[in-house]
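These are my notebook entries on what I looked up in one structure. I record each point briefly, in the order in which I examined it.

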Amino acid sequence: MSQQPSDPRHAPPITPAAMSLPRRDSRDTTRGLYLPSATAATGPQGQQAPELAQRYELLERLGVSTVASEDFDELACDMATRAGFLYGFVNLFLEEQTFVGLHQPPADSGYVIVGRTMSRDHGWCPEVMARRKALPLHDVHASPRFSGNHVVDAVGIRSYFGAPLIHDSGTVLGTVCVIDPEKRPLSQARRLRDIVINAGAQVMDHITRAPVR
């Protein structure tokens with residue numbers, strides 16, 4: 001948590017307050033937190049090309065933009081607020097994880113300010129994509145399988161709840177998720193899981209109501 005890479009291209013970050021998350025890395029202010037990519041695809045013909053091309057084709061046919069959306073930002077905010085989490089995401093799995101919907105603390109809060117993209121192999125959303133069902137982690141350190149994660153090491157997240165975005169055709173477009181630096185009681189896990197599942201249904205309803213091309 002205390003390690004924060006620096007970049008001479010930008011001014012040094014303000015000394016972080018004594019909080020669970022560090023302030024934003026100053027390496028790249030347009031993308032937010034720097035999470036280096038190891039296996040990200042270079043396009044529809046790169047790694048996972050068939051699945052990626054299928055997502056692009058479906059999103060284009062549905063008329064869904066792959067850039068940030070106020071509607072998706074509002075859905076991410078509502079989901080995070082109902083869960084009581086600092087961060088909420090509507091995440092399309094493209095060449096990178098692409099946060100078309102994002103809710104996070106204010107820029108001067110002392111918490112990490114994330115950007116709109118992250119490597120495809122970081123975080124817990126890749127697991128949600130693979131299992132095609134919700135992943136409730138009330139405390140990521142409670143499971144060795146999920147505790148050794150770049151997001152844990154670099155950001156200090158302790159709780160994660162995510163659900164997949166599955167189209168009627170069977171195509172998994174991405175995920176919705178909430179994350180927080182504080183772990184949650186196990187007794188809250190079902191309620192929080194249901195919040196993200198319901199949010200995922202709202203996102204898919206919004207997507208399928210988009211004008212079909």
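**Entry 1: a charged residue and its partner**

I began with Arg 145, which is exposed, with a relative accessible area of 59%. I kept in mind that this is a predicted model. The cut-off for exposed is over 50%, so Arg 145 falls in that class.

I then looked for a charged partner. Side chains of opposite charge can pair when their charged atoms come close. Arg 145 forms a salt bridge with Glu 127, at 2.8 Å from N to O. I located Arg 145 in helix 4 (residues 144–147) and Glu 127 in helix 3 (residues 125–131), so this pair ties together parts that are 18 residues apart in sequence.

**Entry 2: further salt bridges**

How many salt bridges does a search of the whole structure find? I noted 9 salt bridges. One of them joins Arg 82 to Asp 78, with the closest N and O atoms 2.9 Å apart. Both Arg 82 and Asp 78 belong to helix 2 (residues 70–83), where 4 residues, about one turn of the helix, separate them.

Arg 82 has 33% relative accessibility and counts as partly exposed. Asp 78, at 34%, is also partly exposed.

I looked up one more pair, Asp 194 and Arg 193, whose side chains meet in a salt bridge of 3.1 Å, N to O. Asp 194 has a relative accessible area of 30% and is partly exposed. Arg 193 is partly exposed too, with a value of 29%.

In what order do the 6 strands form the open sheet? I read the order as 3-2-1-6-5-4, with antiparallel pairing. Strand 3 (117–118) and strand 4 (135–137) are the edge strands, and each pairs on one side only.

I followed one pairing in detail. Strand 5 (residues 159–166) and strand 6 (residues 172–180) run antiparallel and are joined by 8 bridges. For Phe 161, I found the bridge partner in strand 6 to be Val 178.

**Entry 3: helices on the sheet**

Finally, I asked which strands helix 1 (residues 49–62) touches. Helix 1 packs on the sheet and touches strand 1 (87–93) and strand 6. The direction of helix 1 makes about 95° with that of strand 6.

Helix 6 (residues 189–208) also packs on the sheet, where it touches strand 1, strand 4, strand 5 and strand 6. I recorded an angle of about 30° between the direction of helix 6 and that of strand 5.

Methods
Residues are numbered from 1 along each chain as its sequence is written. This is a predicted model: local features need pLDDT of at least 70, side-chain atom pairs count only at pLDDT 80 or more; totals for chains, interfaces and linings use all residues. Side-chain values use heavy atoms; hydrogens and water are left out. Two strands pair if DSSP finds at least two bridges between them. Helices (H or I, at least four residues) and strands (E, at least two) are DSSP runs, numbered from the N terminus. Contact means heavy atoms within 4.5 Å. Axes are lines fitted to C-alpha atoms, for helices over the stretch in contact, and angles run from 0 to 180 degrees between N-to-C directions. A salt bridge is a side-chain nitrogen of Lys or Arg within 4 Å of a carboxyl oxygen of Asp or Glu. Buried means under 20% relative accessible area, exposed over 50%, partly exposed in between (1.4 Å probe, protein chains only).
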